[in-house]
Structure formats: C-alpha cells, structure tokens
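Student: I would like to go through the reasoning behind the labels given to helices, strands and contacts here. Please show me the structure before we start.

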Amino acid sequence: MTQWDRLRQLPPVYIQQLHELYDRDGLPMDVRHYLSAWIEKQEWQRAARDHDFAVVLFQVLLENLDIQHSRFVQEESFLLQHNIRRYKQNFQVCKTKTKLSDILCMEHTMVCLEEQQDEFDFKFQTHKLEGKQIKKVWFYLHSILSDINKVLDWTDDLINLLVKKELVEWQRRQQKACIGAPDNVCLDQLEKWFTSVAECLFQVRGFLSKLEELSGKVSYENDPVKARRPALQKRADTLLKELLKSAFVVETQPSMPQGKGPLVLRTNVQFSVKTRLLVKFPELNHSMKVDVSMDRYRRFNVMGTTTKNLNMAESQNGGMVADFRHLTLKEQKSGGGSKGVSDISLSVTEELHLIYFNTVFELKGLAVGMQACSLPVVIISNSSQQQSAWASVLWFNMLSQDPKDVVFFASSPAAPWPQFGEMLSWQFLSATKLGLNPDQLEMIAHRLFGVYLCLKQPILLQENLPETFWVWFDGILFMVKTYLVDLWKEGLIMGFVSKGKEKSLLKKKKRGTFLLRFSESVIGGITFSWVETPDVKTVQPFTKEDLSQIPFHEIIRNFQLLEADNVPENPLLYLYPDTPKDRAFGKYYTEKTGDDSPYIKYIKTKLVFVSKDVWLV
C-alpha cells in the first residue's frame, strides 16, 4: 500500500488537516493522487540539494503529467484532462518565475558592480588603488558573468521546451481543432511564457551592454569582461532570435464565412485569417507590418488588404495580432498551360497551398525577420468541389505530422481505424456538441471494411461515385445539424445501426417499441422501425425535403399506419429500449394536438401515403 493510500485512510480529524495542506499553492491533490506511486519513489531530499538532479526530476514530472493526460483523453474524462493540463502549465509558470527571480538577483549584483566600478575608476585614476578594491571588482565581475551564463543555460532549456514541445503540441492541437477536435488552442499561456523569456533575454543583453560600458571606462590586464562578454553576447542574441522567429504564428487559420470548415478557400470569395506575435511588447503596438503572400505551386494573386499592422486593438485578450478579414484569391492564367512548379499530377482538391505572412521585429538594436505560414489550404473554383476539398483537409490534418507537406497526397498514407473513427466522431461533436459512441462507430467500421480493404484517402474521395462513404456520411451530418440537432444531442437517435443489429435489438421488445436510424441506401435519410408482433417493420426514409416541411418529432408524434379494414393508428409507442414516446419527445411538441395540429393535414396526405411503403426487416 502506498503512503498516499494510507493517508487517505486516516481518521476524519487528520483527513481535514490533509485537505488544508493541499489547499495551499504547490502540489495539487490531483497530482499527488494520480502520480502517488512515482512521487514516493523519488529522492526529493537529494533534489533539494542538487540543482541538476532537481531539473531532471522536474522534466520527468512533466512527462508523467503528459502520460496521465493521455489516459484521461482515452477515458474521455474531460474535467480531469483540463485539470492535469492546467497543473502542468502552472508548474512551468513557477519554473519561469524562478528564473526571473534570478534576473532580479543579477540586477542587484549589477548595481553593486557599478558602485564598485565607480570607486575603482576613481582610485585607479588617482593612483590610490588598493588590492582589496581590485578583489571586490573582480568578485562582482566574475559573479555576474557566471550568473549570465547560468541564465542563458536555463533560457536555452526553456526555449527548447517552448519551441520544440509546447509550440509543436499547440500546432498539432490546432490541426485537430480545425477538423472538429475539442482541443484547447488558446494562446494566452504560450504568450506569457514567450514574453517572459524574451524579457529575460533582453535584460541579459542590457547587462552585457552595461558591462561593456563599465569596462570601457578603464582598461586593465586580464579583464574578464573583454574575455567572456563577446561569446555571451553572441549566445544571447542567437537564443533571442530563435525565440522570436518561432513566436510569430497563425492564430486562426484561413476560412470562408459560409464554408464547410477552415482551410477550404474558393477563388473570388472572401476569407479571413489572423496572425499573432507571442512576444508581447506594448511599445511595438502598430509598428510591425505584416504582409501576405502565396506559394507558387499554382499561381494566385492575393487581393484585398494584404498589409496590416500588428496591434492589440483587434484582439479580445490584448494580444499582438494582425486580423485579415477581407482577402480573396484570384487565379492567374498560365500562358504555357503549366499549373506551377510541381510536376506531380494531382486533382484540384488534392493540391495543397501555403499562405505566408512576413514581418520584421525591431527593438533595442535587434532586428529579426519573421515568417509564419498557414496550414495547407485547398483552393477550389466551384462549390461542387467543396465536399471533396473538405475531405482532403480532414485526411491531411488527421494524418500528417508535417504541417508544410504540400505534396502529401502524392502518396497518401492509410489511416488506422481508431484514428479515423475518432475524426468522424469529431465531425458530429463540433456540429452538434455530441460525438459518436462506440456502437455507432462499430456500425460505420463494418460498413467501411465490408466494402474496402483499407481506409485510403483516394477510395474515400472518388468523385464519380455518388455512393462513396464520404458522400453518405456527409449527407447524414448535414441532415442532423440542420434538422435533428436537438434530438441527436438528447441521445434520442440511435442513428448508425445496421438493419441486422436493428432487428436483433427490437425482436425481443414489446409491441410498439421503435428506434431511429440513418438510412444506408438513401443519402441524408432517416427512418424508424418498430415492433409489430411478430415482425419488425420500417418505413421509407425521410429526407431533407420532408424534414424541411415537418419537424421529425412531429412526424413521430402524428405518424399513422393505414391498413385495409383497420382504423388508422400510430404504431410508435416506446422509444428503444422502453421510454414512452411522449416522455421522450414531448418537450419538443407544439402545444396544439390532434386535428388542431398545424402538421396534421400534411400528415394525412403525405405520410399516410408513405406509410403504405412498409417493409419487413
């Protein structure tokens, strides 16, 4: 039994003390609980004495938090995902604050050095120099040079963490969010970290300039500033440039107002895109110009306002952004008939393009050119291409680990089913706030694997085959988010269930039990089947033409089965497994009932005809 398990079994009076202990800042109880086994195996006393060992333990702690976060993602524990990620960010903030406190100590050392240097200069010039005074100056010089070197070491570690890990993870989350994943893509925390590290490096550059100034007042043998400052200056500038070049990003990817999703653009139709500088210096507000340009795979002119200043006015949270809201693309006609510099033959909806954004950072004698680029966009000229283009965007951002791979579709990889199924669930989650459950995904998997040997993008995107999987799936998604979103969110629609599974579910249920499922043969169709002892019956699917005239819950409410020599009746009594129909759908009904219903006339003329087309399942 771990120490943590024993603590949890203490009497109530001690449990209260335990809660009070973990109410303080420091180690959150969630982290202590989920990482208890690892925490209790570490040499924390050694870490308190050994800085390098403490750094290693800190990195391993962050890695363990990442592992725990991944577990919660798999378990769909949304709240715990959020908490663990927030704790990790707080730990990293504390680490940054510790380094900034070192900068404050260096500032104090610099003040002392200036005082000693002034006294040293005076005595040197008046030939009253004492050995004790020389030792003080040398002590402060070596101290601050060593401290600067340490700060640069720490800063190097932080930049690696920010640029190669945190920023890369954010970019991957943004890729997934573009195709519906519920990932957090807020940049506020990254901006705080980037800004803190940049401020630290500018402070170091200031210290180095002051040392050069002090050293220039008087020259003496073996001056440590002249020996060590140039290398430190070069290193500080290199680190700062590396940080700044990574700090310019595309915060909101290109999208059209009425598109299926981001990253699909149509020529001569306006789109918007937003860039952001993660190093926030208010003195640069409105002073940095951002220019937009296109790659040269196919030739496009970017029209509209293609130059904007980074400013804090266009950001809700005060970030440094350039928000391009009225851009359009115009294709250039190539006289030689060439599509561009690439010889790879791809369809229009497989061609990927990058939009570039360029600016220059200038502050305190440092000038750094910066470039950010969008995720690859698909550019179409006709709305009929939009569905295939969006499927390409889905496939690329689901599978590609290189956000600049514009020839991805020259050899498109296959997708593992779990990854593909998750992406399909995101489509419903982003459109309706409710994704697909395992049973629904299982039906989709059977449909796919029953037709295709593997899940490769060219199979899903055959433009000349109207019954492809993607056309079927997209038709259902459009129907749900347009006409059925409330019923779907309530879990009233089983939806993705095969005819065979439907029969096995209903055959043992009482008469009048019904379920709602999407048609496998009619694009964008939904139907219901019910138990009519001893059979299971179903009706012709309803499509957007029907649902645009009558809400589906009113169809269910007023549906009547017309059979010879029988009084018309509604055979739908219990929503599977056993919920009375009116309890399940009652809150969506109009107030009027029976012959007063505004839909009853349509029901009698339209649906009585439809109800004759009943099949035995």
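Student: In what hand does α12 pass α15, left-handed or right-handed?

Tutor: This is a predicted model, and in it α12 passes α15 in a right-handed crossing. The label is used if the near helix is turned clockwise from the far one by less than a right angle.

Student: Which residues of α12 and α15 meet?

Tutor: From α12 they are Phe420, Leu424, Gln427, Phe428, Ala431 and Thr432. From α15 they are Phe469, Trp470, Phe473, Ile476, Leu477, Val480, Lys481, Val485, Trp488 and Lys489. By class, this contact of α12 with α15 has 12 nonpolar, two polar and two charged residues. Lys counts as charged, and Lys481 and Lys489 are among the residues from α15.

Student: What makes α11 oblique to α12?

Tutor: Helix α11 (residues 386-399) packs against helix α12 (residues 417-432) at an angle of about 130°, and their axes are 11 Å apart. Therefore α11 is oblique to α12, because roughly antiparallel would need an angle over 145 degrees and roughly perpendicular one from 65 to 115. The crossing of α11 and α12 is right-handed.

Student: Which residues make the contact of α11 with α12, and how do they divide by class?

Tutor: Trp390, Leu394, Trp395, Met398 and Leu399 in α11 meet Gln419, Phe420, Met423 and Gln427 in α12. The residues of this contact divide into seven nonpolar, two polar and no charged.

Student: Why are α12 and α13 described as oblique to each other?

Tutor: α12 and helix α13 (residues 438-449) pack at an angle of about 120°, with axes 11 Å apart. They are therefore oblique to each other, because the roughly perpendicular range is 65 to 115 degrees and roughly antiparallel begins over 145. The crossing of α12 and α13 is right-handed. Trp417, Phe420, Gly421 and Leu424 of α12 make the contact with Leu441, Ile444, Ala445, Leu448 and Phe449 of α13. By class, this contact of α12 with α13 has eight nonpolar, one polar and no charged residues. Gly counts as polar, and Gly421 is one of the residues from α12.

Student: What makes β1 and β5 edge strands?

Tutor: They belong to an open sheet of four strands with the order β1-β3-β7-β5 and antiparallel pairing. β1 (248-255) and β5 (300-304) each pair on one side only, and they are the edge strands. Neighbouring strands of this sheet are turned by 35° against each other on average, direction ignored.

Student: How do you know that β5 and β7 pair?

Tutor: Pairing calls for at least two bridges, and five join β5 to strand β7 (residues 320-331), running antiparallel. In β7, the bridge partner of Gly304 is Leu327, and Met303 stands opposite Thr328. Strand β3 (residues 271-277) also pairs with β7 in the antiparallel sense, over six bridges. There, Thr275 has Ala322 in β7 as its bridge partner.

Student: Why is the contact of Asp66 with Lys165 called a salt bridge?

Tutor: Their closest N and O atoms are 2.6 Å apart, and the cut-off is 4 Å. Asp66 lies in helix α6 (residues 51-74) and Lys165 in helix α8 (residues 131-178), so the pair ties together parts that are 99 residues apart in sequence. The structure holds 19 salt bridges.

Technical notes: Residues are numbered from 1 along each chain as its sequence is written. This is a predicted model: local features need pLDDT of at least 70, side-chain atom pairs count only at pLDDT 80 or more; totals for chains, interfaces and linings use all residues. Side-chain values use heavy atoms; hydrogens and water are left out. Helices (H or I, at least four residues) and strands (E, at least two) are DSSP runs, numbered from the N terminus. Axes are lines fitted to C-alpha atoms, for helices over the stretch in contact, and angles run from 0 to 180 degrees between N-to-C directions. Angles under 35 degrees count as roughly parallel, over 145 as roughly antiparallel, 65 to 115 as roughly perpendicular and the rest as oblique. Contact means heavy atoms within 4.5 Å. A salt bridge is a side-chain nitrogen of Lys or Arg within 4 Å of a carboxyl oxygen of Asp or Glu.
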